[in-house]
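Open the model in your viewer and keep the sequence panel beside it. We will go from stop to stop, selecting as we go.

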Amino acid sequence: MESELFWRTVEGARAEAGIDTERVAQALLRRLRTLGPDEIAQFQDLWDQAQDCVYRWPIRDAATLLLGPLDDDEFLSVQDWIVSHGRRTVKRIQDDPDNVVELAPDRHNARIDWFCGLSLEAHMDVTGGTPFAIDGPPEDDTPTGAPVDLADEVHTRKRFPRLTAYLDGNPWIQRPWERAGN
């Protein structure tokens, strides 16, 4: 499977299901089940590569502003969630993590593990129960880049102006600089 087909598959599932990320995962699973076993394994490899592109501290910091504190498993789900929105979204967020704010209408789906295991499930369905080889944990288990001190309100507002404006408009979301004061 080539990159273009990978992104057409992901974006086609998003176009079919719209903003409902649970339905996107269901649509993606249906699409994966139409592929051959090798293509499904290649799809998973490309998904992992796309996920690695958003495994960065600035993106984790932006997601923390939008969603609250994230543990490593939740950040993995957030990475999947971002990838599920398509190539242009991944690129915009890579270029400027403050663009995570554009996903705010779907924020309730960000921490839910909708995508982990879809390729494996599809592969097993297509092959009658044979799983594909799963890579071990990544060699580098730390996001690239350096984390921002989100408790520093002034710096955080400068680094993430759109996200902090979103927080200002949604007072029910706790700010990291408020958590630090407790």
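This is a predicted model: local features need pLDDT of at least 70, side-chain atom pairs count only at pLDDT 80 or more; totals for chains, interfaces and linings use all residues.

Residues are numbered from 1 along each chain as its sequence is written, and side-chain values use heavy atoms, with hydrogens and water left out.

**Stop 1: the cavity**

Select L28, F43, Q44, W47, F115, L118 and S119, which line the largest cavity. A cavity is a set of points, on a 1 Å grid over the protein atoms alone, where a 1.4 Å probe fits but cannot get out; lining residues have an atom within 4 Å of a point. The search of the whole structure finds one cavity of 30 Å³ or more. The largest cavity holds about 40 Å³ of space. That volume is the space filled by probe spheres set on the points, and grid points are joined across faces, edges and corners.

Which elements give two or more residues to this lining? They are α3 (37-53) and α7 (118-127). Helices here are DSSP runs (H or I, at least four residues), numbered from the N terminus. α3 gives the most, with three residues.

Now colour the lining by class: five residues are nonpolar, two polar and none charged. Ala, Val, Leu, Ile, Met, Phe, Trp, Tyr, Cys and Pro count as nonpolar, Asp, Glu, Lys and Arg as charged, and the others, Gly among them, as polar.

**Stop 2: α3 against α7**

Show both helices. Their axes come within 9 Å and cross at roughly 175°. That makes α3 roughly antiparallel to α7. Axes are lines fitted to C-alpha atoms, for helices over the stretch in contact, and angles run from 0 to 180 degrees between N-to-C directions. Angles under 35 degrees count as roughly parallel, over 145 as roughly antiparallel, 65 to 115 as roughly perpendicular and the rest as oblique.

Select P37, I40, F43 and Q44 in α3; they meet S119, A122, H123, V126 and T127 in α7. Contact means heavy atoms within 4.5 Å. This contact has five nonpolar, four polar and no charged residues.

**Stop 3: G117**

Step to G117, in the loop between α6 (87-95) and α7. G117 counts as partly exposed, at 34% relative accessibility. Buried means under 20% relative accessible area, exposed over 50%, and partly exposed in between (1.4 Å probe, protein chains only).

**Stop 4: H85**

Go to the loop between α5 (72-83) and α6, where H85 sits. Is H85 buried or partly exposed? At 17% relative accessibility, H85 counts as buried. Beyond its neighbours within four places in sequence, H85 is in contact with R14, T21, L103 and D106.

**Stop 5: α4 and its partners**

Select α4 (residues 57-67) and α9 (residues 161-169), which pack at about 10° with axes 9 Å apart. That makes α4 roughly parallel to α9. A62, L65 and L66 in α4 meet L163, Y166 and L167 in α9. By class, this contact has six nonpolar residues, no polar and no charged.

The axes of α4 and α5 come within 11 Å and cross at roughly 95°. The two helices are therefore roughly perpendicular to each other. I59, R60, A63, L66 and L67 of α4 touch D72, F75, V78, W81 and I82 of α5. Eight residues of this contact are nonpolar, none polar and two charged.

Key:
On a 1 Å grid over the protein atoms alone, a cavity is a set of points where a 1.4 Å probe fits but cannot get out, and a pocket is an open set with protein on both sides within 12 Å along at least five of seven lines; lining residues have an atom within 4 Å of a point.
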